[in-house]
2 protein chains.
Amino acid sequence: MEGMTMATLRPPLLVLLLAPHAFSSAVAGQPFDHGGVWIDLTHPFSETTVFWPTEPGFRLIRGENGPTAKGYYYAANRFQTAEHGGTHLDSPRHFAADGQTTDAIPLNRLIGPAAVVDLTIACQNSPTYEATIDDLMAWEEKNHRQLVDCILLLRTGWAARWPDREAYLGTAASGPAAVMKLRFPGLSPAAAHWLVAHRRVQAVGIDTASIDHGPSTHFGAHVALCGANVPIFENVAGLDQLPAAGAVIVALPMKIAGGSGGPLRIIAQVRSTDSSGTPRNAR
Amino acid sequence: MEGMTMATLRPPLLVLLLAPHAFSSAVAGQPFDHGGVWIDLTHPFSETTVFWPTEPGFRLIRGENGPTAKGYYYAANRFQTAEHGGTHLDSPRHFAADGQTTDAIPLNRLIGPAAVVDLTIACQNSPTYEATIDDLMAWEEKNHRQLVDCILLLRTGWAARWPDREAYLGTAASGPAAVMKLRFPGLSPAAAHWLVAHRRVQAVGIDTASIDHGPSTHFGAHVALCGANVPIFENVAGLDQLPAAGAVIVALPMKIAGGSGGPLRIIAQVRSTDSSGTPRNAR
């Protein structure tokens, strides 16, 4: 496993020697370069959108839909949904009494260079794998930069299971009892605490239903990040289309006043060459 | 009035001589420049959010909110809303049977350089003013570029009236009868047709409740734009903070499968100098 190898090899001072603002050049570069491509990292909202077992899910209430007496076509709908389902934001307020609500998160938390940590092999072996400090430090060493001023994205491979609830959540059941059956990868509370204490990420995203994989953890990763006003993005799609570094993320939540979260539209721009200069395949 | 003056002075060939891709340099420049500032152009969703008189408005259904038995704080809510209210997207499907639905709009329609047409003086004099072809051509002449490959934003000054329904909509009443009392500025159907036939805008936004100012128009501007798959942004905020040219817009709607529209988060990056090289005030 990559993280364990790196833990063994890690020179203790290397991380300190990395420029803390190593990401700046990626940002000041040309993310809107005409050679770049915008990629949508968002699952659509529909009746099949995966929600937490205790939530009723997304419901589109169809309104008028067809030609009108005045000669034009017209369609308009309403909908109901939970803040926490589908590709969504957890505001710091979700797990912190004084955390920022959805409308209060500064835009500079939501826009920035991506750091994509690939955990797919570990997660294939263990469906409740939690990203470790070693996994994060291995990414730093490999990419020659710290996890500072960037949006950390944990790629577990779980998006390929969407929207099969059984495969994605570990259970297709609904209701409070189903919560104990949830099984998917997450972020270890220790790694979340380390990020808050020793790094400075703008936000953390994952391609599973939650950064905490079950109630047994007491939502330790959420508590650590929300307590430091670090927003969380869950049920993110398409992380397999991003390089480990070099993409730019724009993650814009619906602006719910006083919200604890909300539907999130998250996209990435990938340049035609990744950070290592390797040409990327056409998409 | 600026538009009328320009109509008189306009040399007929000038517009044809303008480079059709004059916006490219603004895009290929450094919109993520560290000297740039992100500005939110989105009204928050709350009980006071302005909706069309026939829609019930936004309703946050508060869930748990407080300390749990396990020791951590927890808050989570649900909500109901119409697709068309607050700062929102009109998908082409809103007024076109074969128009793109919300989830199908390409991202390159939603991200691009802003062209902000200031109509505030005309709208002060006439609360049902409709932007004309002359207004649009006056912007082109003044800014030395065509309305091509850009996001056209109509600034009427109406955002300053938000969320006073009477001042913003022309009526505080609800229900179908109130629709006849709506009064606010919009885009003339003739100008919308001209944009579709002779220019190539990515999208059109406005700081009022609709680009069509009432049912008497048979929604001619909507029909023209939606019929050409041009998305529309309504109830946009903060356009007074943008230069006429030089800002970059990112407008990301909630990804509703099959939607006719939806809540929109729209932001702009303004560089520390605008397109004319004039330093901008700190924000």
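Trainee: Which residue of β3(B) does Arg78(A) stand opposite?

Mentor: Arg78(A) faces Ala82(B) there. Keep in mind that this is a predicted model.

Trainee: OK. How many bridges join β3(A) to β3 of chain B, and which way do they run?

Mentor: There are 5 bridges between β3(A) and strand β3 (residues 73–82) of chain B, and the two strands run antiparallel.

Trainee: What sheet are they part of, and in what order do its strands come?

Mentor: An open sheet of 4 strands, ordered β2(A)-β3(A)-β3(B)-β2(B), with antiparallel pairing. At the edges sit β2 (59–67) of chain A and β2 (59–67) of chain B, each of which pairs on one side only. From one strand to the next, the twist averages 5°.

Trainee: And inside chain A, how many bridges hold β2(A) and β3(A) in their pairing?

Mentor: They have 7, again in the antiparallel sense. One pair to look for is Pro67(A), whose bridge partner in β3(A) is Tyr73(A).

Trainee: Let's zoom out. How many residues does each chain put into the contact?

Mentor: Chain A puts in 54 residues and chain B puts in 53 residues. On the side of chain A that touches chain B, at least two residues each come from α3 (24–28), β1 (37–40), β3 (73–82), β11 (245–253) and β12 (261–270).

Trainee: Which of those gives the most?

Mentor: β3(A) does, with 10 residues.

Trainee: Now the insides. Which residues touch the most other members of the largest nonpolar core?

Mentor: Ala114(A), Ala115(A) and Ala114(B) do, in a core of 150 residues.

Trainee: What does Ala114(B) touch?

Mentor: If you skip residues up to four places away in sequence, Ala114(B) touches Cys150(B), Ile151(B), Leu153(B), Leu242(B), Ala247(B), Val248(B), Ile249(B) and Ala268(B). There's also a second, separate core of 10 residues, which includes Phe58(A), Ile256(A), Phe45(B) and Phe58(B).

Trainee: Which strands does β11(A) pair with?

Mentor: Strand β5 (residues 111–118) of chain A pairs with β11(A) over 4 bridges, antiparallel. In that pairing, Ile111(A) stands opposite Val250(A). β12(A) also pairs with β11(A) in the antiparallel sense, over 6 bridges. There, Ala251(A) has Ile266(A) opposite it in β12(A).

Trainee: What about helices? Why is α8(A) described as largely enclosed?

Mentor: Helix α8 (residues 220–227) of chain A has 7 of its 8 residues buried, so the rest of the structure largely encloses it. Those buried residues are Gly220(A), Ala221(A), His222(A), Val223(A), Ala224(A), Leu225(A) and Cys226(A).

Trainee: What covers them?

Mentor: The cover includes β4 (88–90), β8 (186–187), α7 (189–198), β9 (203–206) and β10 (232–234) of chain A. Just past the helix, Asn229(A) has a positive phi of about 60°.

Trainee: And which residue with a positive phi follows α5(A)?

Mentor: His144(A), with a phi near 55°. Within helix α5 (residues 133–143) of chain A, the buried residues include Asp135(A), Trp139(A) and Asn143(A).

Trainee: Last one: how many helices and strands are in chain A?

Mentor: Chain A has 8 helices and 12 strands. As for burial, 51% of its 283 residues count as buried. And of the contacts in chain A with a separation of 6 or more, 76% come from residues 24 or more positions apart.

Methods:
Residues are numbered from 1 along each chain as its sequence is written. Chains are lettered from A and ligands numbered from 1 in the order in which they are written. This is a predicted model: local features need pLDDT of at least 70, side-chain atom pairs count only at pLDDT 80 or more; totals for chains, interfaces and linings use all residues. A residue is buried if 20 or more other C-beta atoms lie within 10 Å of its own, exposed if 12 or fewer, and partly exposed in between; C-beta atoms are placed from the backbone. Two residues are in contact if their C-beta atoms, placed from the backbone, lie within 7 Å. Two strands pair if DSSP finds at least two bridges between them. A nonpolar core is a set of buried Ala, Val, Leu, Ile, Met, Phe, Trp, Tyr and Cys residues joined through C-beta atoms within 7 Å. Axes are lines fitted to C-alpha atoms, for helices over the stretch in contact, and angles run from 0 to 180 degrees between N-to-C directions.
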